[in-house]
Amino acid sequence: MSVMVARKKVVRKWEKLPGRNTFCCDGRIMMARQKGIFYLTLFLILGTCALFFAFECRYLAVQLSPAIPVFAAVLFLFAMATLLRTSFSDPGVIPRALPDEAAFIEMEIEATNGTVPQGQRPPPRIKNFQINNQIVKLKYCYTCKIFRPPRASHCSICDNCVERFDHHCPWVGNCVGKRNYRYFYLFILSLSLLTIYIFTFNIVYVALKSLKIGFLNTLKETPGTYPSTAWRGWLLQSWGLVCSQSLTVLTVLEVLICFFTLWSVVGLTGFHTFLVALNQTTNEDIKGSWTGKNRVQNPYSHGNIVKNCCEVLCGPLPPSVLDRRGILQQEESTAQEESCPRGPSTQDPTAAQGPGGQAEESSAQQKDGSLPHLSAVPAPSLSNAEMPEEKQLTSGELPVPSQDAGQAEH
């Protein structure tokens, strides 16, 4: 007997979200699909700080102050925390319109614009919205089927509309928008301070060593081998002069990384500090939304640097509207075969009796010694001479009596 069983499979909303994003930890982590440069960012930060803590910090903590590695550790942890918070959070993605909502918006647009003659280009889908006595245009997104809120834009890499879209940053592996911009700004600010800190104390380390043993001897010395002479002796015995030179190369590499990172990160921090002071986004600055030919004033600026900074960096953080971990239930029907034995009282005689049912019944009666029961529809009987050779009766077999055969004998 076939039994249909309905099972409910729990499906989270993040599994059905459109767009080009990657989700981890059951939807708690949200990133872009292109994460290669993000891994490079982690490698550069972790590698540079590991070299600094392993070599220079040991010498500087003894010669200058033990607070040097402590302050460096605080900057490092703060930079990593803000980086991960920026990369793993929802930047402010706006959900796409449902089919019913999209159809309703299309009807509104057709009712507003009227019927467009064939061959003519339809008018742009724009709504005017007033903010602080300033007219702001809301543009229609053909991908998400919605009128985008003010300052929102569609990211071509993540394929989502992001609220207060700033830019897509491959170094953090995510879009930068309303919900993670403050963490992005704090990340580049702390990274700038950490880069300046490490670069400065690398120079101090080389200067202090050069005053004692000379600059050329400093380049030949293994970094970080003071004051542990036992560790230095084991290292030199194990790896020899080649290891000493390789560690010196690592120190030089660390200085070069900090030097080239310094200009880009510090310059980026200064640029975003300027944007925060004006309450402006990178997208608006590139497009010239408030400084272009129209000379339209920024309706979001308070006219005060302190108020703008407080709004951008200290304002209330809106919750995510995606509800990534919400539950969607889908029913899946599966068929299972179950064999249920039946007793004689519940068995259908017509169903249990197949094509050879009568023969089985007659053979069972023959075993009991009784004559077989006559069939309701008797088959025509043939004499022994008329029967084929294969079916002729032998001397040891008895014919089955029938009414027609008895009349033929008489």
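**Close-up views of the paired strands**

**View 1. Strands S5 and S6.** Strand S5 (residues 126-131) and strand S6 (residues 134-141) run antiparallel and are joined by six bridges. Strands are DSSP runs (E, at least two residues), numbered from the N terminus, and two strands count as paired if DSSP finds at least two bridges between them. The model is predicted: local features need pLDDT of at least 70, side-chain atom pairs count only at pLDDT 80 or more, and totals for chains, interfaces and linings use all residues. Residues are numbered from 1 along each chain as its sequence is written, and side-chain values use heavy atoms, with hydrogens and water left out. Opposite Phe-129 stands Val-136 in S6.

**View 2. The turn between S5 and S6.** These two strands form a hairpin, with two residues between them. Asn-132, in the turn, has a positive phi of about 50 degrees.

**View 3. Strands S6 and S7.** S6 also pairs with strand S7 (residues 146-147), in the antiparallel sense and over two bridges. Tyr-140 has Phe-147 in S7 as its bridge partner. Four residues lie between the strands of this hairpin, and Lys-145 takes a positive phi near 60 degrees.

**View 4. The open sheet of S4, S9 and S8.** Three strands form an open sheet in the order S4-S9-S8, with antiparallel pairing. Strand S4 (93-94) and strand S8 (153-155) are at the edges and have a single partner strand each, so one side of each is left without a neighbour in the sheet.

**View 5. Strands S4 and S9.** S4 and strand S9 (residues 160-162) run antiparallel, joined by two bridges. Val-93 stands opposite Val-162 in S9.
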